[in-house]
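Biologist: Please walk me through this model, and then take a close look at one part of it.

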Amino acid sequence: MEFGPGIWGPIAATVLMLLGAIIGYLVLIISRRYIVPKPSSEKLKTYACGEELKPEEAHFDSEHFYSAVRRVFKPFYKYVQPKHSGILSTYLLWVVIGFFIVLIAVTLSLR
Amino acid sequence: MIFPHAPILAIVIPLFAAFLIPIISIIAKRFGAERMRGGWSPPWGINLSINGLNLLIALIIASIGSLVAIYSVVSMERDNGLDKYYTLLLLVIVGCMGVALTGDIFNLYVFFEIMSISAYALVAFRRNWGSIEAGIKYLIIGSLGTAFILLGIALAYGLVGSLNIADLTGKITEIGATQPLPVIIPLMLTLFIAGFGIKIAMVPMHAWLPDAYQAAPSAISALLAGATTAIGLYAMLRISYMLFGAVAIGTMFIILGLITMVAGGLMALVQQDLKRLLAYSGISQMGYVLLGVGFATAAGIQGGLFHLLNNAIYKVLLFMCAGAIIYRVGTSNMDKLGGLGKNMPITATLFIIGGLAISGVPPFNGFASKWMIYVAGIEAGQAITYASTAIAVIMSALTLAYFLKAINLIFLGQRPMHLREVKEAPPLMLFPMLILAVLCVVLGILPGLGIDLVQPAQSALGVI
């Protein structure tokens, strides 16, 4: 696939990516042979604000993912997300609003 | 076990037999055979109309229909009423095929209704509170959409007195050349775009979709995500581009595509339920397709249609993976999952392939089609196409972000005690997933195969 002066060769790129993965894996294996981690028992404990937790009980909640992105798009999550409430009349209102948006867009496009 | 699932033979055998049609066509052409019922020739008689575009769509539907039927054998084995299930599944496929292949706009509506009504029933198939509620919402909003389409057809018939799509195209093009344009034409186009827009869950008409996909059996979520959205987009493109021309309404599709892409992606980012995440990501991906076709260039439309094909492949794969997890664990709530990569390594690998493909990571198929859309956007050379391409790239990164979240929460990390005994999905569920994953890789490494499929489709839309 060509792109201006550039080009994307999928087969060559795939071979290079596979080679990179193999080299990375080899580096990992070799480094493990020379540097053996020796964590203390304290290091392996799950930190939960002083609370004792078994590793099986520690689970990262989906709520905590990408909180920074949520802050950036705060107005969207404040005003749009709550409208996905499951209430049919709200959904129908959205369809009506969508219809008028399309009507305006079509009228402007065909003018 | 096989006997209750015997109806899948009624799906699989005809669909595989469909591959014999090219041979029959060659023979028919050689002997000059033409089948005409009642002696009515088009535009008065109802006809089938085959071109590059609807062949592509028919191929998507036949392939997905076959794979979903195979997948259903195991995924639906704990359900009752399988005779009704397979009947409805067949009706969805019949409706999709009819919409794709008919040359008559009223027949298109009839087949669209067959597909839609069967889909409403399939969403409510499990008959629990959630599925019935989602089914009724889908029914009411979907019926509003099909009412829009019917009204648009009535206006078109009132304007030119024909229901044959080719005949309509010629007559409306003639009317479109006159100035001023009749007021009825923008209204007609709006009715079509809004009607089909509901089916493809174009924002802000998308809200029914996450509820429906979450409540439906996973095989049906896969079918709806792959086949019915493809059909909705096909019908929207066929009617709007063939009747009204691509250049005039391209910018509108770019704007609607951007809104759909961004809103779907941002909503997917905050989902706890895997099927809802997949539903919102599907909405976002339809935004890419709208963006590509909205560029109204040959490269853009090829990119958009290639993305439609790819989206059907990896979206079905991802919903099937979700179904495999639900089959083994009983939930798709990601906060209740974790560490399943150890128990379900094949499902995990297939999900990762699907997730990377939908995120546009090379060398998978999603990258190839997104790349084509980006290139088309830059080559179009307008401020709006530059800006929309930049937003599409950012949204692709966001897609990767929420799929990494899903991979982490489901397959990596600590495994809860109650998931220790979970087993890998049954082979008959893995088989269609494997085929789809192989397609993700093959169409990524050899994108020429996909481009060869979509080129005739782009030519059929009449955009150079």
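How many helices and how many strands does chain A have? After that, please zoom in on helix 10 of chain B and its surroundings.

Modeller: Happy to! This is a predicted model, so local features need pLDDT of at least 70 and side-chain atom pairs count only at pLDDT 80 or more, while totals for chains, interfaces and linings use all residues. Residues are numbered from 1 along each chain as its sequence is written, with chains lettered from A and ligands numbered from 1 in the order in which they are written.

Chain A has five helices and two strands; both are DSSP runs numbered from the N terminus, with at least four residues of H or I for a helix and at least two of E for a strand. Along the sequence they come as β-β-α-α-α-α-α. Of the 111 residues in chain A, 10% are buried, where buried means 20 or more other C-beta atoms within 10 Å of the residue's own, exposed means 12 or fewer, partly exposed is in between, and C-beta atoms are placed from the backbone.

Now for your helix. Helix 10 of chain B has 27 residues and spans 37 Å from its first C-alpha to its last, close to the 39 Å expected at 1.5 Å a residue (that expectation is 1.5 Å times one less than the number of residues).

What's around it? Chain B is assigned domain 1 (1–244) and domain 2 (252–464), with bounds from an automatic or database domain assignment. The centres of the two domains, taken over C-alpha atoms, are 22 Å apart. Their contact involves 33 residues of domain 1 and 44 residues of domain 2 of chain B; two residues are in contact if their C-beta atoms, placed from the backbone, lie within 7 Å. On the domain 1 side, the elements giving two or more residues are helix 3 (52–75), helix 9 (208–215) and helix 10 (218–244) of chain B. Your helix 10 gives the most to that side, with 12 residues. By class, the domain 1 side has 24 nonpolar, nine polar and no charged residues (Ala, Val, Leu, Ile, Met, Phe, Trp, Tyr, Cys and Pro count as nonpolar, Asp, Glu, Lys and Arg as charged, and the others, Gly among them, as polar).

As for B:I61, leaving out residues up to four places away in sequence, it touches B:I93, B:C96, B:M97, B:A100 and B:A227.

Next, the meeting of the chains: 48 residues of chain B are in contact with 41 residues of chain A. Elements giving two or more residues to the chain B side include helix 8 (184–199), helix 9 and helix 11 (246–269) of chain B. Helix 11 of chain B has the largest share, nine residues. That chain B side divides into 35 nonpolar, eight polar and five charged residues.

One residue to look at is B:A263, which lies in helix 11 of chain B. B:A263 is buried, with 22 other C-beta atoms within 10 Å. Apart from neighbours within four places in sequence, B:A263 is in contact with A:V80 and B:V203.

B:V203 leads us to a backbone detail. Most peptide bonds are trans. The one from B:V203 to B:P204, however, is cis, with omega near 10°. B:P204 sits in the loop between helix 8 and helix 9 of chain B. The bond from B:P362 to B:P363 is also cis, again with omega near 10°, and B:P363 is in the loop between helix 14 (345–358) and helix 15 of chain B.
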